[in-house]
Amino acid sequence: MIFCTETSVSDDDYVYDEESGEWMPASELASRQRTAETVEVRDSVGNLLADGDQVTLIKDLDVKGAGQTLKRGTLIKAIRLTGDSQEIDCKFEGIKGLVLRAEFVRKR
C-alpha cells in the first residue's frame, strides 16, 4: 500500500490501493488509513469505551504487587485507552500503574 501524508495529497492526486485493487483519490486513502489505525475498546457488554469514561468492575480482581483486591462494583474514574483493544489504563488510590482488561469492566 502507498502511504500518503495530508500535506502531500490533494483530490487531484490518485494512488493505487493494493488492498482493494482500485485507484482512488489520495485524500480518501489517507482518511481510510487513519480510521484503520484507531482501535475500538469495548467493555464486557459491548459498549464502546473512550478516554475519560467511568467504569465499574464486574468481578473481584486481585491486584498483583499491591496486595489488594478490588471489589465488584468499584468505580474507576477517568480511564485512558492504551492502544490495545483489551487494556485500559486507570488511576485508583493506593495503586500506581493500574491496567485493567476491558472484559472485567462495564461503562457507567
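The dialogue below takes up a sheet, a pocket and a loop residue in this predicted model.

Me: In what order do the three strands of the open sheet lie?

Reply: Strands of a sheet pair through backbone hydrogen bonds, in either a parallel or an antiparallel manner. Here the open sheet runs S9-S10-S11, with antiparallel pairing. Strand S9 (80–81) and S11 are its edge strands, each pairing on one side only. Between strand S10 (residues 87–92) and S11 there are five bridges, and Phe-92 stands opposite Ile-95 in S11.

Me: Which residues lie nearest the centre of the largest pocket?

Reply: Rolling a probe the size of a water molecule over the atoms shows where empty space is left. The largest pocket holds about 230 Å³ of space. Its lining comprises 13 residues, and Asp-62, Val-63, Lys-64, Leu-98 and Val-99 lie nearest the centre.

Me: Which strand gives the largest share of that lining, and what classes of residue are present?

Reply: S11 gives the largest share, with six residues. Strand S6 (61–63) also supplies at least two. By class, the lining has eight nonpolar, two polar and three charged residues.

Me: Is Asp-53 buried or exposed?

Reply: Asp-53 is buried, because its relative accessibility of 15% falls under the 20% cut-off. Asp-53 is found in the loop between strand S4 (48–49) and strand S5 (55–57).

Me: What does the side chain of Asp-53 reach?

Reply: That side chain reaches the backbone nitrogen of Ala-50 at 2.8 Å.

Conventions: Residues are numbered from 1 along each chain as its sequence is written. This is a predicted model: local features need pLDDT of at least 70, side-chain atom pairs count only at pLDDT 80 or more; totals for chains, interfaces and linings use all residues. Side-chain values use heavy atoms; hydrogens and water are left out. On a 1 Å grid over the protein atoms alone, a cavity is a set of points where a 1.4 Å probe fits but cannot get out, and a pocket is an open set with protein on both sides within 12 Å along at least five of seven lines; lining residues have an atom within 4 Å of a point. Grid points are joined across faces, edges and corners, and a volume is the space filled by probe spheres set on the points. Helices (H or I, at least four residues) and strands (E, at least two) are DSSP runs, numbered from the N terminus. Ala, Val, Leu, Ile, Met, Phe, Trp, Tyr, Cys and Pro count as nonpolar, Asp, Glu, Lys and Arg as charged, and the others, Gly among them, as polar. Two strands pair if DSSP finds at least two bridges between them. Buried means under 20% relative accessible area, exposed over 50%, partly exposed in between (1.4 Å probe, protein chains only). A polar contact is a pair of N or O atoms within 3.5 Å; within protein, one must be able to donate a hydrogen and the other to accept it, and residues adjacent in sequence count only if both atoms are side-chain atoms.
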